[in-house]
Amino acid sequence: GDGNCVNSDPSSPALKFEVTATWNRARVATLTLPHVQCQTPIFMPVGTQGTVKGLTSQQLEEIDCPVILGNTYHLGHRPGPELLKDMGGLHKFMNWNRGLLTDSGGFQMVSLLKFAEITEEGVRFQSPHDGSMMMLTPEESMQIQNCIGADIMMALDHVVSSTTTGPIVEEAMERTLRWIDRCISGHSRPKEQNLFGIVQGGLDVDLRKRCLDGLIKRNLPGYAIGGLSGGESKDMFWRMVDVSTQHLPANKPRYLMGVGYAVDLVTCTALGVDMFDCVYPSRTARFGTALVPTGTMQLKNSEYASDYRPIDPHCHCMVCRKYTRAYLHAIQGKEHLSGQLLTYHNIAYQMNLMRSIRENIISQNFPNFVQSFMKDQFPDATIPLWVRESLEVAGISC
Amino acid sequence: MAFEVIQKDDASRARCGRLTTKHGVIETPHYLLPSLMGSPNNLTPDLLRAFNNVDGLQMALQDVVLDLESIQGLDKGVHGFIDTERPLLFTIRDPSEFIEYSVSEETCTVASKSGRYKVSPKDLVHAEQILRPDLMECISVEAPHYIVSKRVRKSVDITLKWLDECLRLEKEHGLVADGETSKLMAVIQGGTDLKCRKFSAQLSQQRNVAGFVLGSLGLGENSDQRRDVIKTVVDELPESKPRMIGGIGGPDEVLECISQGIDLFSSNYIDVVTEWGYALTFPITSSQSDGPYKINLQSKTVMRDATPILPDCQCYTCGRHTKAYLHHLFNTHEMLVSILLTIHNTWHYMKFFSVIREQMRDGTFEKWKQEFLQRISQT
């Protein structure tokens, strides 16, 4: 950003969040960031190394995408924080003039590297390039993210897998709270970049609440719900989301990290989540899968060879306006064309879904929308128990 | 389908012309971008829309040979199936690969999506009936420069036999009425044996075909061999029909072929340049005299270069992105760099062809060509 505050609230100078409509716990809000103003709930595609795979920034604008994610671990390595700083930040470097969000770098380290361990100091890891031992501290994560210059940056937290049990879960939660203070101190651009705290605590309601309370005391511009969408059961998944959204302040955005699938987006919006991110739509596109209202469509299947309808007759994206399922079936397997076209459609699908969610919250038609959506996704009354239970809690019966 | 020579160059056999098809006009000399189902590599339809000098596209029979039933079911030809209004020219093979198969008298072998596929004259005409292309290369037997003479003569004979059989089948199936010209392009074979090439050309031009493809070139022959073959063949061909060569893409080689009377080109030159991380920057007009031929985006020298590939290039990539960003994308193996670089390289290369046509219409082609060759020899 250029240093002009978007918000007069001194605790959140670079982010304004105004709820404009609600239906029970679901809400529509106007989110103002240094580079973009948009309506939540939003889905944010993942642009790992400064690009959403196979899409140009103009295509992302056409699809109406307000915010994309960058991965600090990857960008911190290539092209590196110094170069990004010299180039004027990631926005300028990739010529993307809307919102950017960066994660802390910690999660990738733990999941990608052979040796990574978390100590009080930070994440100690073995550099995959020369084998030397390195350390990512909360301060360093802030420094790198300040160089990248994203509108939203994530605190370095102690992530544990959602299937982990035992004292480490509490230890990680406590550490996350100690690290948030180090993150706040280490963050040098609070007027231009928003530091979000991340709620940890595994699958333990008490731990989650304690973490929440600790983060809320720091009065951050926004909060993320972390440590989910791993291997936990869907039952625990929604209950932890529920605990978090119930207790996070209503006047700040809530970001559920790593989610996801269409059904998850709808149920979690009903529970009060505002922001989502996931690699799924772009990744599955590269395998020939299109996202549709009934779920997925595997275009490699021979049943589509003579199917001359678009992927989704209600989708107005470039791909659905121009191409048939037969065409998309015919281009499978050779070169990138299929991946490009399906990535375009799948991200458009996610954007359209979020738009429908917002419109239906505003018009108070949300429960009908959700019921109809679930009927399409789960024909023959096969709606999973966790979906029915979570929607029940949100005030919608399916 | 009609071809008209608009202007002939005084100093050479170069000419500019108009190839009118049911789906539009191709201004020659023209470079037909190779495409998969109507999309050039990395250029989705929205990206292709930015180009106003892509008059037609090449498609390969090998890419659709397993989808004929699917295309037939829609009953709108290949144009309807891929939703394009552009003229489409079908070659038999994908220009980016040359695979030698053993010679058969009955069928031509192609590499389809799932392995080898045999195409007989009957199969070709059947495909033509379903696809309804604007132009289609006939099946032929390739004979690159290293093939010995007995094989070379055989390739010519089989190629002519297949051509006649295809033309006969077209008439039989009502694809071509009496006196009407087929959409097939005869392929002139004969390796580097000039007698064979002359024979192939003489007999081919007696048939009522849409045009001629000079086959088996761009396969490692030296420039003298190529020049002699093209001269020998063009000596026999009528001026009133277009001539095509596949597999030739380097600007200097293209210019040489144009001077010898070639009208259409298709190759994977742009793809290869892009794959290696090069941005084409060769100076096309005299006002761009001091640019390099190409820029290596992998080089560390551009790591912090916050300027576009070419300051006056109107392509999407030069309008929006810097060499530093492209270098980063290349360095991190990101798909986007192939797309962005393809956009620029295609833009630059198609501009090169636009300027060729302009120069020819202005009667200044040979002079411009000499200056161009001089400029790039200094880069």
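**Strand pairing in chain B**

Good morning. I begin in strand 13 of chain B, where Leu214(B) is the bridge partner of Ile188(B). Strands here are DSSP runs of E with at least two residues, and helices are runs of H or I with at least four, numbered from the N terminus. Two strands count as paired if DSSP finds at least two bridges between them. Strand 12 (residues 184-188) and strand 13 (residues 211-214) of chain B are parallel, with 4 bridges.

Helix 7 (residues 194-204) of chain B packs on the sheet and touches both strand 12 and strand 13 of chain B, contact meaning heavy atoms within 4.5 Å. Its direction makes about 160° with that of strand 12 of chain B; axes are lines fitted to C-alpha atoms, for helices over the stretch in contact, and angles run from 0 to 180 degrees between N-to-C directions.

A word on the basis: this is a predicted model, in which local features need pLDDT of at least 70, side-chain atom pairs count only at pLDDT 80 or more, and totals for chains, interfaces and linings use all residues. Residues are numbered from 1 along each chain as its sequence is written, chains are lettered from A and ligands numbered from 1 in the order in which they are written, and side-chain values use heavy atoms, without hydrogens and water.

The open sheet in chain B has 10 strands, ordered 4-15-14-13-12-11-8-7-5-6, with mixed pairing. Strand 4 (30-31) and strand 6 (39-40) of chain B each have a single partner strand, so one side of each lacks a neighbour in the sheet.

Finally, strand 1 (residues 2-8) of chain B runs antiparallel to strand 2 of chain B, with 6 bridges, and Phe3(B) stands opposite Leu19(B). Thank you.
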